[in-house]
Amino acid sequence: MTPNIMRKIPLVIGAAALLATLGLFGAAPDVQAEYGDVVLNNYSDKAGMRPVVFPHWFHRVRYRCKACHADLGIAFKAGGNDINMVKVIDGQYCGACHNGKVAWSVENCDLCHSGKPGTPTQTHGSTINLLAAPGTSAPAPAGAAVAPPAAAKKK
Amino acid sequence: MGRNILLFSLALVISCGVQAQDALRGKAVYDVQCAPCHATGLLGSPRTGDAAAWAKRTAAGINAVYANAIKGKGSMPARGGDARLTDAQIIAAINYMLKASPGVASDKGEPANAKGVAVAATDSGKGRTVYQSACAACHATGAAGAPKLGDGAAWAPRVGAGAAALQASALKGKGAMPPKGGNMALPDADVRAAVGFMLAQVGPGAAAPAAAPATPAVAAPAQTTADAGKGRTVYQSACAACHSTGVAGAPKLGDGAAWTPRINAGMAALQTNALKGKGAMPPKGGNASLADADVRAAVAYIVAQTRGVAATPAVAAAGTPPVMTAPTAPAPNTPPVLAVAPPPQVQAANDPNAFNRLLAPPSKRNAAPANDGIHDASSPGTMLLQAPLASFTTLARSTTGNYVDWVAAIGKKQIQPRWDARDAKAEPTVMDLTIVREVKGTMPDVVFPHKQHTEWLDCSNCHPAIFVPQKGANQISMAAIMLGQKCGVCHGKVAFPVSECRLCHSRAKPAQAAREGKR
């Protein structure tokens, strides 16, 4: 990281905090996520990582529901599984396949942690998002994405 | 003799196998894209099943029919209005229609020679078409630092690097530019054609005439002004088929007598008719993938032509319909209303139809990760992820959810997802037991098929936590489903959504059946 960027970090963090606050009340940006895309943000934002976007469609092309939801015991609920990196590395949840043998391994952080910072945990396009709690599907305003979470991490 | 028969029947079996596969795909494309017109014969299109109408078209050879469908002809928009469809998909759809029109297919419905037609259809307008569908979002406005179409200064350093380098950047992405402009379903050749088109708009004397002979009227200088000529471009691609000739009673461009009464009704009414259709005029001129703003720009262009205003750039942005004061008064000196096209997000917010959250226009379905609003486009991983459309092209389509019919996809073995993560050969234990639930209201009774569910799921996924495996023991309501309980654990999240009422409520009640039978 260059000194030039180092000097800008406080500014970037400040801007991110401001935008995140506005996000709670601001208008929802245009979200066209694929139906069934699951955003997992139980810990990511707090840990300075981008939230995880789980492309459900991609996995169901390759595995039937049973492979994950019965054999691995993954509950049918976004955020309902207490997944963290220790468990993944130990071969639980995502780690059952994402181990470098069946699928790529945990060092490819950005492939999972690819969501816009501030996007809440949810299943995109779900009825409950559309009807019962409209507006909760929005990530933080587009501007917040400009502040890379990497900057906050390297504080 | 006997040997001949044997050979003949062998050839028949092989061709039938190929045709059967083709027919499945053809029907899928037909249902989504062609049926709106061809099922009813709208706008003079040959109706599916009408052998006489089709015979006229196939008289010139089946390849001419394929080429017309791909390039568009008369009221028929290019590729039925969806530029994402491949040549092979179009051909499969035509073959399906021909097959459904007995008496036509047999003589000239010979081989879907996809390659031959592809060559015929790779006409010069291809680059422009691809540009408009995949590149214009950024390269027309300069969003995200993209070099604007026709901006010589911005393009010069890039052109200096050579066309091959430019094509590589377009194919693989560079900086904010996503691979293939974010539309991974585009074939490489299309992307190269679009690059060629953009380059042709920059260089003086470059391949402009070759790249866009269909619309030689669009001079390069016009493109250099911000979005200049947008209305004209849209007009030529989507409206000219009828409005330049007066087909189907369309008022002709520049025909004051025909247009004046329409203009007098107000710009808003004209735009509404153009967007939603009226009489023989299909919504958006039959090209549903056009942005509302583009249609408005085209309307503004047509009106300007009629009123004698020079075709100098009249740009209409979404939400800011061109202000036309005193529509009857001739105003040749009034400068056209200029507005800077806002970035796509702003357009969507100002779109009067933006409130319709459930009905995504075709252009917004199956967005690539970089454009879907939840992936961080600045993350290095985002560009490496597969775009849904790159995976879905060969799958049976539906009209909601992922726009994929997952049950059909697995039934036709278009996908063969593993039952067990470790054992590739493990097969599901499918249980064929249908449960009928009589519902209290007026809706038809619910038919629950275990078969389609056990193709995907283990018994323990649903029983006993979600559903008690006992007749009458489960209280299920639509309210619970919409809150994500019972069927709503999957339906409305990852399986087909609750908007598809009739997929579950599919058995008419005895009384209903009797009533409908009497009619």
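The chat below goes through a predicted model with chains A and B.

Me: What are the ground rules on confidence and numbering here?
Reply: The model is predicted, so local features need pLDDT of at least 70 and side-chain atom pairs count only at pLDDT 80 or more, while totals for chains, interfaces and linings use all residues; side-chain values use heavy atoms, with hydrogens and water left out. Residues are numbered from 1 along each chain as its sequence is written, and chains are lettered from A and ligands numbered from 1 in the order in which they are written.

Me: How many helices and strands has chain A?
Reply: Chain A has seven helices and three strands. Both are DSSP runs numbered from the N terminus, helices being H or I with at least four residues and strands E with at least two. Along the sequence the pattern is α-β-β-α-α-α-α-β-α-α.

Me: And what is the strand order in its sheet?
Reply: The sheet is open, with the order S2-S1-S3 in chain A and antiparallel pairing. Strands pair if DSSP finds at least two bridges between them.

Me: Which strands stand at the edges?
Reply: S2 (52-54) and S3 (122-123) of chain A; each has a single partner strand, so one side of each is left without a neighbour in the sheet.

Me: How many bridges join S1 to S3 in chain A?
Reply: Two bridges join S1 (residues 38-40) of chain A to S3(A), and the strands run antiparallel. A:Val38 has A:Thr123 in S3(A) as its bridge partner.

Me: Strands in chain B, then. How many bridges join S1 to S2 there?
Reply: Four, between S1 (residues 434-437) and S2 (residues 445-449) of chain B, which run antiparallel. B:Val436 stands opposite B:Val447 in S2(B). S2(B) is also joined by two bridges to S3 (residues 505-507) of chain B, again antiparallel. There, B:Asp445 has B:Arg507 in S3(B) as its bridge partner.

Me: Switching to the contact between the chains. How many residues does it take from each?
Reply: 48 residues from chain A and 54 residues from chain B, where contact means heavy atoms within 4.5 Å.

Me: What area do the two bury?
Reply: Chain A and chain B bury about 4500 Å² between them, 58% of it on carbon and sulfur atoms. That is the accessible area (1.4 Å probe) that two parts lose on being put together, summed over both. A:Tyr35, A:Arg60 and A:Arg64 supply 20% of the area that chain A buries against chain B, more than any other three residues.

Me: Where does A:Gln32 sit, and what does it touch?
Reply: A:Gln32 is in the loop between helix H1 (3-23) and S1 of chain A. Not counting residues up to four places away in sequence, A:Gln32 touches B:Lys364, B:Ala367, B:Asn371 and B:Asp372.

Me: Does A:Gln32 count as buried or exposed?
Reply: Buried, at 18% relative accessibility. Buried means under 20% relative accessible area, exposed over 50%, and partly exposed in between (1.4 Å probe, protein chains only). Buried residues make up 35% of the 155 residues in chain A.

Me: Aromatics next. How many pairs are there?
Reply: Four aromatic pairs over all chains. Rings of Phe, Tyr and Trp (its six-membered ring) pair if their centres lie within 6.5 Å; planes under 30 degrees apart count as stacked, over 60 as edge-to-face and the rest as tilted.

Me: Why are A:Trp57 and A:Phe58 edge-to-face?
Reply: Because their planes stand at 75 degrees, with the ring centres 5.7 Å apart. A:Trp57 is buried at 3% relative accessibility, and A:Phe58 is partly exposed at 24%.

Me: And B:Tyr30 with B:Tyr96?
Reply: That pair is tilted, 5.1 Å centre to centre with 50 degrees between the planes. B:Tyr30 lies in helix H1 (residues 2-38) of chain B and B:Tyr96 in helix H4 (residues 87-99) of chain B, 66 residues apart, so the pair links distant parts of the chain.
Reply: Ring pairs link A:Trp57, A:Phe58, B:Phe392 and B:Trp406 into a cluster.

Me: Which charges sit over rings?
Reply: A:Arg60 lies over the face of B:Trp456, 4.6 Å from the ring centre. The charged end of A:Arg62 sits over the ring of A:Phe58, 3.7 Å from its centre. The rule asks for NZ of Lys or CZ of Arg within 6 Å of the ring centre and within 35 degrees of the ring normal.

Me: Back to H4(B). How many of its residues are buried?
Reply: Ten of its 13 residues, including B:Ile90, B:Ile91 and B:Ile94.
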